[in-house]
Amino acid sequence: MSSAFFLPAEPGNRFCIYHPAADGSKGCGFVYAHPFCEEMNKARRMAALQSRRLAAAGHAVLQIDLFGCGDSSGDFADARWGIWKQDLQIALTWLRSRVNGPLGLWGLRLGATLAADTAHEHGPGIEQLLLWQPVSNGEQFLTQFLRLRLAAEMLADGAAQTGVRELRETLARGETLEIAGYDLHPGLAAEIDALSLADLVPAVEQVHCLEVSAAAEPKVSPASQRALEAWRSKGVEVRTAAVRGEPFWSTTEITECEPLLAATEGCLERAY
């Protein structure tokens, strides 16, 4: 049965939900890294559904709210990429004492990129990476996030009062920006801006990358394919799959994507 608790970390505590494997963990133990800002809230249902299904299939899952996010300690304005990587390490350490099988990181969107970066720097002890729709280019992702500020200005005033360049200049001056209800610190913005998935070659045995597409014949995005090919060239075993569905992390209403849940279970079943 799933249980919620606060995991001690520095600074403060992290809110976690643990889903133990139904049969004593014959499979992998996964730590889940949630996506960025409001995408985290939109994706909570899918993360919970997948966590429960993985647990039923023999894989333990630990969901963790990163520092400054959800019900964990801290303000989002104080969040940094390095703290988030430490959070995943703390979560892995906690899970390692409760799972007999291999450990893995599972992440969605920017959380997938965070998982890859953690496995890149702290690979030993992490055997699997499960990536859902990873962000391949941090600069493009940050630009898209900044545009939410412009969209809000247009709704409020009929026209945007600034542009992406001006917002980036504000961050470059060391000023925090309020975007979609979140205070983005310039330090975190710079860390995201510098991310390139292709450079984050993980020191793991196997990578599963699954993406969602509305196309009639869904395919993994070209950007992800290029990044994953860079990993393959370094000897990483990478398996990819794409399913048809809506981008549940950004839809107006909370939505589900059953094909993604099924495909995830299927790829792990074949791996074990």
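This is a predicted model: local features need pLDDT of at least 70, side-chain atom pairs count only at pLDDT 80 or more; totals for chains, interfaces and linings use all residues.

User: Is K85 buried or exposed?

Analyst: Buried means under 20% relative accessible area. K85 has 11% relative accessibility, so K85 counts as buried.

User: Which residue forms a salt bridge with K85?

Analyst: Look at helix 2 (residues 81–96), where K85 lies, and then at helix 3 (residues 110–121). The closest N and O atoms of the pair are 3.3 Å apart, and the partner is D117.

User: How many residues apart in sequence are the parts that E256 and R45 tie together?

Analyst: These two form a salt bridge, with the closest N and O atoms 2.4 Å apart. E256 lies in the loop between strand 10 (237–244) and helix 8 (258–271), while R45 is in helix 1 (residues 38–56), so the pair ties together parts of the chain whose separation in sequence is 211 residues.

User: What is the N to O distance in the salt bridge between R53 and E265?

Analyst: R53 is in helix 1 and E265 in helix 8, so you're looking at a link between distant parts of the chain, 212 residues apart. R53 counts as partly exposed at 26% relative accessibility, and E265 does at 23%. Their side chains meet at an N to O distance of 2.6 Å.

How values were computed:
Residues are numbered from 1 along each chain as its sequence is written. Side-chain values use heavy atoms; hydrogens and water are left out. A salt bridge is a side-chain nitrogen of Lys or Arg within 4 Å of a carboxyl oxygen of Asp or Glu. Helices (H or I, at least four residues) and strands (E, at least two) are DSSP runs, numbered from the N terminus. Buried means under 20% relative accessible area, exposed over 50%, partly exposed in between (1.4 Å probe, protein chains only).
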